[in-house]
Amino acid sequence: YSKNEFGKSSKDDFLTTKRERDLLRLWANIEITGPPEWPSPCWIWKGPLGGRDFRPVIDWEGKKEYVARLMLLLVKGPPPVDLAEAYRRGKEQGVKNAMRRFVARHKCDNRVCPNPGHLEWGSHKQNMQDMKERERHGLSHYVVRNIKRLLAERDRDGNAIRTQQEIAQLYGVSRETISAIATGRVYDHV
């Protein structure tokens, strides 16, 4: 980086802290497709996927963080931790452990969606209850409808805006699954 007349490098002129650079990188990886409320279209995560379950992750203040948890923290604040109980268990470590017990629950059942209106704090048990109630052992109907909407989007010349492979990457499924949805072999009832 070159130095300016004040002795600062050019990167310091625009973003002064690591947190500001992290925030810019976070928002640069999100395609906002609707308002941050429920129900509305899922936002599209364009950044890296990580972990065993290929959820959106980002480097945040030197550590890998799941984007859904980060969006909840930034937009809605920390989970409703019983701080008195956490402090009784051991000050700061107790608070960290109490916060880890909370997960980001997706109302839309799309684990790659970073729309804060689709997210809420909850326990692992609540998340498992959601899975059971919504029959989430496959793709949810909400996600299938969004996939069908993306498949139907066309430009002025009638060409598909996104390829099946791009849609598959957005939802963390195979291209074959998207093809089966497009041809009606699966989820034809949705």
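Predicted model: local features only at pLDDT ≥ 70, side-chain atom pairs only at ≥ 80, totals over all residues.
**Chain overview**

The protein chain has 8 helices and 7 strands. Of its 190 residues, 36% count as buried. Among contacts between residues at least 6 apart in sequence, 50% join residues at least 24 apart.

Mean pLDDT for the protein chain is 81, with 78% of the residues reaching 70 or more.

**Helices α2 and α3**

Two packed helices are described by the angle between their axes and the distance between the axes. For helix α2 (residues 18-28) and helix α3 (residues 67-76), the angle is about 115 degrees and the axes lie 12 Å apart. The crossing of α2 and α3 is left-handed. On the α2 side the contact is made by Arg 19, Leu 23, Leu 26 and Trp 27, and on the α3 side by Val 67, Leu 70, Met 71 and Leu 74. By class, the residues of this contact between α2 and α3 are 7 nonpolar, no polar and 1 charged.

**Helix α6**

Helix α6 (residues 141-152) consists of 12 residues and spans 16 Å from first to last C-alpha, close to the 16 Å expected at 1.5 Å a residue. Its buried residues are Tyr 142, Val 143, Val 144, Asn 146, Ile 147, Leu 150 and Leu 151. An α-helix has 3.6 residues a turn, so residues three or four places apart point the same way. The cover over the buried residues of α6 includes α7 (164-171) and α8 (175-183).

**Two residues**

Glu 166 is located in helix α7, one of the elements that cover the buried residues of α6. Asn 29 sits in the loop between α2 and β1.

| Residue | Relative accessibility | Class |
|---|---|---|
| Glu 166 | 37% | partly exposed |
| Asn 29 | 18% | buried |

Asn 29 counts as buried because its relative accessible area of 18% is under the 20% cut-off. Glu 166, at 37%, counts as partly exposed, because that class runs between the 20% and 50% limits.

Leaving aside neighbours within four places in sequence, Asn 29 is in contact with Ile 44, Trp 45, Lys 46, Gly 47 and Ile 58. For Glu 166, the C-alpha atom is separated by 9.8 Å from that of Ile 178, a residue 12 places away along the chain.

Note on methods:
Residues numbered from 1 in each chain as written. Heavy atoms only, no water. Helix = DSSP H or I, 4+ residues; strand = E, 2+ residues; numbered from the N terminus. Expected span 1.5 Å × (residues − 1). Buried < 20%, exposed > 50% of the residue type's maximum accessible area, 1.4 Å probe, protein only. Contact = heavy atoms within 4.5 Å. Axes fitted to C-alpha atoms, helices over the stretch in contact; angles between N-to-C directions. Left-handed = near helix turned anticlockwise from the far one by under 90°. Nonpolar A, V, L, I, M, F, W, Y, C, P; charged D, E, K, R; others polar. pLDDT = per-residue confidence, 0-100.
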